[in-house]
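Here is a friendly walk through a protein model, written to be read with the structure open beside you.

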Amino acid sequence: MSQLSLRSIRKAFGAVEVIRGIDLDVAEGEFVVFVGPSGCGKSTMLRMISGLEDVTSGEINIAGRDVTQVAPAEREIAMVFQSYALFPHMTVAENIGFGLKLARRPRDEIRKKVDDVAAVLQIGQLLDRTPRELSGGQRQRVAIGRAIIRQPRIFLFDEPLSNLDAALRVQMRLEIARLHQRLAATMIYVTHDQTEAMTLADRIIVFNKGHIEQVGAPMELYERPANMFVAGFIGAPA
Ligand code: ADP
Ligand code: MG
């Protein structure tokens, strides 16, 4: 059974159709990367999967359950954005534990889970700081920690590293690969960075103008692109 299945997904904003019939199955534990030019609908697709945006038509299934009409909080999905969206007035520990606090989990349980997550991300020494006192890479770790603590079925990443400098991007990419191994989680990851796509993905999905041009393992797309668009997109220098 697929962890995520998308059936005939369409999305229009007014008269403009930006997603034009997407079908995709993602297996449990799979790392899927979305690539494609700016404006082709990658973020809109993630927002519909997470429930932040309604679909115009089509069906979204998570672990065999139709969630098309289900509220975001009930979908067991966590999203990590390019902008960290941390609460500036809260400490790192409070930021990471916020979702559990909202869910009214006991304080002891929250502290224990925050400590566990901080250990995984190697930010245990930062728990009492506020976001202002952190570097970009540290902030992104906190944002990822906030996602992990809810133990979602599916992680969605929307260009999470594009605000970081090149060296840090490499470090965080390795970190995300390690996390994927460790959590055995299903991940969908949008990026413009070809190295990220080629090294992280089990499968790459090439989007163009609201539809899928090709789906395949990185080397498959590289060696046998279905058309000039994919060849240009995958083959272009990073
Ligand atoms: P990508 O993430 O691939 O760059 P997006 O999903 O952000 O692309 O956008 C796809 C298209 O949908 C773009 O043409 C964008 O302008 C349009 N779009 C996205 N969100 C909205 C919205 N809330 N209202 C109107 N148009 C939107
Ligand atoms: Mg986008």
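Strand 7 and strand 8 run parallel and are joined by 5 bridges. One of the pairs to look for is Asp158, whose bridge partner in strand 8 is Val190. Please keep in mind that this is a predicted model.

**The parallel strands**

Strand 7 also has a partner in strand 6 (residues 77–80): these two run parallel and share 4 bridges. Here Ile77 has Ile154 of strand 7 as its bridge partner. Strand 8 (residues 186–190), in turn, is linked to strand 3 by 4 bridges, and this pair is parallel. Strand 3 runs parallel to strand 9 as well, again with 4 bridges.

| Strand pair | Bridges | Example pair |
|---|---|---|
| Strand 6 and strand 7 | 4 bridges | Ile77 and Ile154 |
| Strand 7 and strand 8 | 5 bridges | Asp158 and Val190 |

Why is strand 7 (residues 154–158) largely enclosed by the rest of the structure? It is enclosed because 5 of its 5 residues are buried. Ile154, Leu156 and Asp158 point one way and Phe155 and Phe157 the other way, and all of them are buried. Strand 3 (residues 31–35) is mostly covered too, with 5 of its 5 residues buried. On one side of strand 3 sit Phe31, Val33 and Val35, on the other Val32 and Phe34, and both faces are covered.

In soluble globular proteins, nonpolar side chains tend to be buried together. In this model, the largest nonpolar core has 64 residues. Which residues have the most contacts inside this core? They are Val33, Phe155, Leu156 and Ile188. Leaving aside neighbours within four places in sequence, Leu156 is in contact with Leu46, Ile49, Ser50, Ile77, Met79 and Ile188.

Strand 9 (residues 203–208) holds Ile205. Is Ile205 buried or exposed? The cut-off for a buried residue is 20 or more other C-beta atoms within 10 Å. Ile205 has 24 C-beta neighbours inside 10 Å, so it counts as buried. Not counting residues up to four places away in sequence, Ile205 touches Leu24, Val32, Val33, Phe34, Ile212 and Val215. The C-alpha atom of Ile205 is separated by 12 Å from that of Ala226, which is 21 residues away along the chain.

Strand 1 (residues 4–13) and strand 4 (residues 57–62) run antiparallel and are joined by 5 bridges. To find this pairing on screen, look for Arg10, whose bridge partner in strand 4 is Ser57.

**Around the ligand**

Which residues lie around ligand 1? They are Phe13, Val18, Gly36, Ser38, Gly39, Cys40, Gly41, Lys42, Ser43 and Thr44. This shell divides into 3 nonpolar, 6 polar and 1 charged residue. Helix 1 (residues 42–50) gives the most to the shell, with 3 residues.

In helix 2, the buried residues include Val92, Ala93, Asn95, Ile96 and Gly97. Helix 3 and helix 4 are among the elements that cover the buried residues of helix 2.

The loop between helix 2 (92–102) and helix 3 (107–121) contains Arg104. Arg104 has a positive phi of about 60 degrees although it is not a glycine. With 7 other C-beta atoms within 10 Å, Arg104 is exposed. Further along, Gln122 lies in the loop between helix 3 and helix 4 (136–148). Gln122 is not a glycine either, yet has a positive phi of about 55 degrees. Gln122 counts as exposed because it has 11 C-beta neighbours inside 10 Å.

The unreviewed UniProt entry carries the annotation "domain: ABC transporter" for residues 4–234. In the model, that span is 37% helix and 26% strand, and its end C-alpha atoms lie 25 Å apart.

Technical notes:
Residues numbered from 1 in each chain as written. Chains lettered and ligands numbered in written order. Predicted model: local features only at pLDDT ≥ 70, side-chain atom pairs only at ≥ 80, totals over all residues. UniProt positions renumbered as here; feature names shortened; annotations may be inferred. Near = placed C-beta within 6 Å. Nonpolar A, V, L, I, M, F, W, Y, C, P; charged D, E, K, R; others polar. Buried ≥ 20, exposed ≤ 12 C-beta atoms within 10 Å, placed from the backbone. Pairing = 2+ DSSP bridges. Contact = placed C-beta atoms within 7 Å. Core = buried A, V, L, I, M, F, W, Y, C linked by C-beta atoms within 7 Å.
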